[in-house]
Amino acid sequence: MSSRMRNILIPIIAVLLGVLVGTIIMIVSGYDAVAGFQALWNGAFGDIYFTGEVVRQVTPYILAGLAVAFAFRTGLFNIGVEGQLIVGWVAAVWVGVSFDLPKIFHLPLAVLAAAVAGALWAFIPGYLKAKFRVHEVIVTIMLNYTALHITNHFIRTVLSDGKERSENIATTASLRSPFFEGLTEYSRMHWGIFIAIICAIIMWFILEKTTRGFELRAVGFNEHASQYAGMNVKQNIILSMVISGTFAGLAGAMEGLGTFGYTAIKGGFTGVGFDGIAVALLGANTAIGVVLAAILFGSLKVGALNMPLEAGIPNELVDIIIALIIFFVASSYIIRWFIDRISKKGAK
Amino acid sequence: MKKRKFGLTMSFLLAAGTILGACGGGDNEAEKEGTTDTGEQTEETFKVAMVTDVGGIDDKSFNQSAWKGIQEFGEANGLEKGQDGYNYLQSQSDADYTTNLNSLARQDFDLIFGIGFMMQESINEIAGQQTEAHFGMVDAVVEKENVASILFKEQEASFLAGVAAGLTTESNKIGFIGGMQSDVIERFEAGFQAGVKAVNPDATIDVQYAEAFDKAEIGQSIASRMYSSGVDVVFHAAGATGNGLFKEARDLKAKDPSKNYWAIGVDSDQVAEGVVEIDGTEHNIILTSALKRVDVAVNDLSTKAKEGNFPGGETTVYGLAEDGVGLAEINDAVTVKADIETKVQEYSDKIKSGDLVVPGTLEELETFSAE
């Protein structure tokens, strides 16, 4: 069996196993599993409105997944996507509320601000890693909390007058579209999905088709060999984190300019950045894989909201199913081993 | 060979997808028929639902109280929990508010409550789109024809809690834990401070904000700092964050039962959260609770809407006089219980009659005097 084929099969089997165990759990806890999955399906695709909401949810997931995947491909664990997303969100909204420009400048400027903010936030761990060998996991986790509290303070002091939320952004900076709203009966689907898909193509292009991408991946495989081959390892580490942070910042722009149109004090993390880790993992850290995994996660997340209403199943259970899928993806070694055994038997 | 295997898998997946898709579609139709059927049979069925904020339905406080009100309304009107009676949806993040409110509106619920000021923008947006549906906004004001807003005079309940705290404290040090800084929590804080000052001008109040309504661990660490600095009564207006306060007070009480570690609950009567068993005897660290009867308000608005008197575009304010807020029973173990009860009664009467206006903002608090 080819390794490419195996890379496709493993996530699919992991998802099926997750669903299977989820079914068993539902039956054991006395819920109607069939009704549960029907409700999940209807909640995601049963109505054009919900499908629009799925797209809305998928958009930041793609970007957060790309952020994690990009760093991962170059040998870095960017756990700080959440924090980079939050600063991107606030930066986008800040541009959205405080400038008065025609749409053709305003919207790109707001998106760009988010990208730059995310990139800067990711530059810190990249620099520390390259210069002082400080492990990026620790720095990024800490920077998540720093981002959360700094942005809360920023919202209270700069973006509002001691209030818990900012003004709504000007329509010239909004990604929302009356066209999609009309198409999907007022879902919050917005133009951002195209930005997300373009970013997926960009990531694929950088990593697979450019010399720089080859270098970045080489550093991920083996730092010492890369250095010996004459590559600038430090520069590549920083660059990788900055690109990763750019994607994360854009994910924040999707929330700030598309879904919400404002920013508010957060008591905790949005969770999108952390789900991005799962999306990247399920998508095998490839651009197309991330897009597909984001679609799956987005559908599960939005469909799950319908489960308590239609089938009386608590949405915690859907969280359990998602967790199970991640568990099986993470333990892909077991699945790999099984596939190997089966295909060996077939060969005999 | 490999290619064929791959093709087989893909076609299998596609087939499965198609079958599943067909399933989904079929069920949809069946369901739609189902609902129209029941619609014809019981045309009068009034359906009511609520969307929780991120605290969740079992936050032992605000959302839970609202749900209690809906349950009471449902039972009183012979409704069943589910799609055709009364129901709730939980929000796991801010992004879910709009989706949840919208799916309930699409399920033709007659009245949909948004619980908590964080839902203000979502309600505002959806009320503009789903003009046929009726919404109840708790704790914030949305000016739309199809939205009835509900506000509380939290300051009156927390004033009485402040009176109880001011009379109970022996160290003259009192703590206040707020959730997030907002108009609602400011009312709690201002009223509480005014209540303490009215009966015990010497007491100092340590005010801390947790910046979260769903982080019990932060609540606990704040409470721990307060109690160790000599504070002996702590009041919280922080939703599920306050559960950390109770845990800290219970732990401290279990270590040293002779000392007093009082906590004051909020929204619901939280007396059940304060039980500590030490050597077979039961203690309780809950001094009292500042009640915010979301259940009363929710039930009240549902009844009005059912009778066809939905107060759209209006804001109803529930205070002490309307039984919308109040103070729970004082703990029996407090030595000055009788004093507290007389004082609380005295002030309640004054507030109800309008002789005493409790400050609702910190600005008003500065010029407030209980005389």
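Trainee: Which residues of chain B does the UniProt annotation "domain: ABC transporter substrate-binding protein PnrA-like" cover?

Mentor: Keep in mind that this is a predicted model. The label comes from an unreviewed UniProt entry, and there it covers residues 47–354 of chain B. Over residues 47–354 of chain B, the chain is 41% helix and 22% strand, with 37 Å between the end C-alpha atoms.

Trainee: How many helices and strands does chain B have?

Mentor: Chain B has 11 helices and 14 strands. As for burial, 52% of the 371 residues of chain B count as buried. For contacts in chain B with a separation of 6 or more, 72% are between residues 24 or more positions apart.

Trainee: Into which domains is chain B divided?

Mentor: Read the bounds with care here, as each domain is written as two segments: domain 1 is 45–152 + 293–323, and domain 2 is 154–291 + 335–366. The C-alpha centres of these two domains of chain B are 28 Å apart.

Trainee: How many residues of domain 1 of chain B are in contact with domain 2 of chain B?

Mentor: On the domain 1 side there are 16, and they meet 18 residues of domain 2 of chain B. Helix α2 (residues 62–76) of chain B supplies the largest share of that domain 1 side, with 3 residues. By class, the side of domain 1 that touches domain 2 in chain B has 7 nonpolar, 5 polar and 4 charged residues.

Trainee: Let me zoom in on one residue. Where does P311(B) lie?

Mentor: P311(B) is in the loop between α9 (294–306) and β13 (315–318) of chain B. Leaving out residues up to four places away in sequence, P311(B) touches A148(B), K304(B) and T316(B). There are 11 Å between the C-alpha atoms of P311(B) and D300(B), which are 11 residues apart along the chain.

Trainee: Is P311(B) buried or partly exposed?

Mentor: You count C-beta neighbours. P311(B) has 16 inside 10 Å, so P311(B) counts as partly exposed.

Trainee: On to the other chain. How many helices and strands does chain A have?

Mentor: Chain A has 16 helices and 0 strands. To judge how compact a chain is, set its radius of gyration against the globule rule. For chain A the radius is 21 Å, close to the 20 Å the rule gives for 348 residues, so chain A is as compact as a globular protein of that length. The C-alpha trace of chain A spans about 70 × 60 × 35 Å along its principal axes. Buried residues are 53% of the 348 in chain A.

Trainee: Which residues of chain A does the "transmembrane region" annotation cover?

Mentor: The unreviewed UniProt entry lists several stretches, including 12–34 and 320–339 of chain A. Residues 12–34 of chain A are 83% helix and 0% strand, with end C-alpha atoms 20 Å apart. Residues 320–339 of chain A are 95% helix and 0% strand, and their end C-alpha atoms lie 25 Å apart.

Trainee: How do I read a positive phi?

Mentor: Most residues other than glycine have a negative phi. Here E185(A), not a glycine, has a positive phi of about 50°. E185(A) is in the loop between α7 (178–183) and α8 (192–209) of chain A, and with 16 C-beta neighbours inside 10 Å, E185(A) counts as partly exposed.

Trainee: What about N285(A): where is its place?

Mentor: N285(A) is in the loop between α12 (272–282) and α13 (287–304) of chain A. N285(A) has a positive phi of about 60° although it is not a glycine. N285(A) counts as buried because it has 20 C-beta neighbours inside 10 Å.

Trainee: Last one: how many residues of chain A are in contact with chain B?

Mentor: On the chain A side there are 30, in contact with 32 residues of chain B. The elements giving two or more residues to that side are α2 (33–45), α3 (48–73) and α14 (307–311) of chain A. Of these, α2(A) gives the most, with 4 residues. By class, the side of chain A that touches chain B has 13 nonpolar, 13 polar and 4 charged residues.

Conventions: Residues are numbered from 1 along each chain as its sequence is written. Chains are lettered from A and ligands numbered from 1 in the order in which they are written. This is a predicted model: local features need pLDDT of at least 70, side-chain atom pairs count only at pLDDT 80 or more; totals for chains, interfaces and linings use all residues. Two residues are in contact if their C-beta atoms, placed from the backbone, lie within 7 Å. Ala, Val, Leu, Ile, Met, Phe, Trp, Tyr, Cys and Pro count as nonpolar, Asp, Glu, Lys and Arg as charged, and the others, Gly among them, as polar. A residue is buried if 20 or more other C-beta atoms lie within 10 Å of its own, exposed if 12 or fewer, and partly exposed in between; C-beta atoms are placed from the backbone. Domain bounds come from an automatic or database domain assignment. UniProt positions are given in the numbering used here, feature names are shortened, and annotations may be inferred rather than shown by experiment. The radius of gyration is taken over C-alpha atoms; the globule rule is 2.2 Å times the number of residues to the power 0.38.
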